[in-house]
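Thanks, everyone. I will walk through one structure today, piece by piece. Please have the viewer open.

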Amino acid sequence: KFGQPEILLGTIPGGGGTQRLTHAVGKSKAMEMVLTGDQISAQEALQFGLVANVYPVDELVDKVMAKAEKIASLSHLSTKMAKEAVNSAYEMSLNQGLQFERRLFHASFATEDRREGMSAFVEKRPANFTNK
């Protein structure tokens, strides 16, 4: 379950809880959750985009490890840039975000991993990233 129970303790969510939740689920649902302290289920969190996946408990570790291994097998430089670009989307206007993304995209062209990735794509083989 997910929620903002602080109202039940006589306070409000801190650490950006009211702001981030509103961006994620919209004003109406955020207002309901913040003002009542009610929680939502994992399935509702999935529907609102708060989580990327929901797995049965007995599959959770295997599924999460498979996802982590896939990400870890990719270029660390590119994954860092991609995370930075996505995370910045909440902190910038769309125009600022597009400019920031463009700078990161162009910066990726200076990496050996980008050259390897493009070569592997053209040659129809798996890429061998070196994180350089």
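**Aromatics, a helix, a core and a serine**

There is one aromatic pair in the structure. Keep in mind that this is a predicted model. The partners are Phe105 and Phe109, arranged edge-to-face. Their ring centres are 4.9 Å apart, and the planes make an angle of 70°.

Next, helix α2. This helix spans residues 27-36. Which of its residues are buried? Lys29, Ala30, Met33 and Val34. Why do they sit on the same side of α2? Because they cover an arc of only 125° around the axis.

What covers the buried residues of α2? The cover includes β1 (2-3), α1 (17-25) and β2 (39-40). After the helix comes Gly37, with a positive phi near 80°.

On to the core. In soluble globular proteins, nonpolar side chains tend to be buried together. Here, the largest nonpolar core has seven residues. They are Leu21, Val25, Ala30, Met33, Val34, Ile40 and Ala45. Both α1 and α2 supply at least two residues of this core. Which element gives the most? That is α2, with three residues.

Take Ile40 as one of the core members. Leave aside its neighbours within four places in sequence. Ile40 is then in contact with Lys1, Phe2, Lys29, Met33, Ala45, Phe48 and Leu50.

Last stop, Ser75. Where is Ser75? In the loop between α4 (57-72) and α5 (76-88). Buried or exposed? Ser75 counts as buried, because its relative accessibility is 2%.

Look at its polar partners. The side chain of Ser75 reaches the backbone nitrogen of Ser78 at 3.1 Å. With Asp113, the link is side chain to side chain: a polar contact of 2.7 Å. What else does Ser75 touch, not counting residues up to four places away in sequence? Besides Asp113, Ser75 touches Phe129 and Asn131.

Methods. Residues are numbered from 1 along each chain as its sequence is written. Side-chain values use heavy atoms; hydrogens and water are left out. Rings of Phe, Tyr and Trp (its six-membered ring) pair if their centres lie within 6.5 Å; planes under 30 degrees apart count as stacked, over 60 as edge-to-face and the rest as tilted. Buried means under 20% relative accessible area, exposed over 50%, partly exposed in between (1.4 Å probe, protein chains only). Helices (H or I, at least four residues) and strands (E, at least two) are DSSP runs, numbered from the N terminus. The arc is that of the directions from the helix axis to the C-beta atoms. Contact means heavy atoms within 4.5 Å. A polar contact is a pair of N or O atoms within 3.5 Å; within protein, one must be able to donate a hydrogen and the other to accept it, and residues adjacent in sequence count only if both atoms are side-chain atoms. A nonpolar core is a set of buried Ala, Val, Leu, Ile, Met, Phe, Trp, Tyr and Cys residues joined through side-chain atoms within 4.5 Å.
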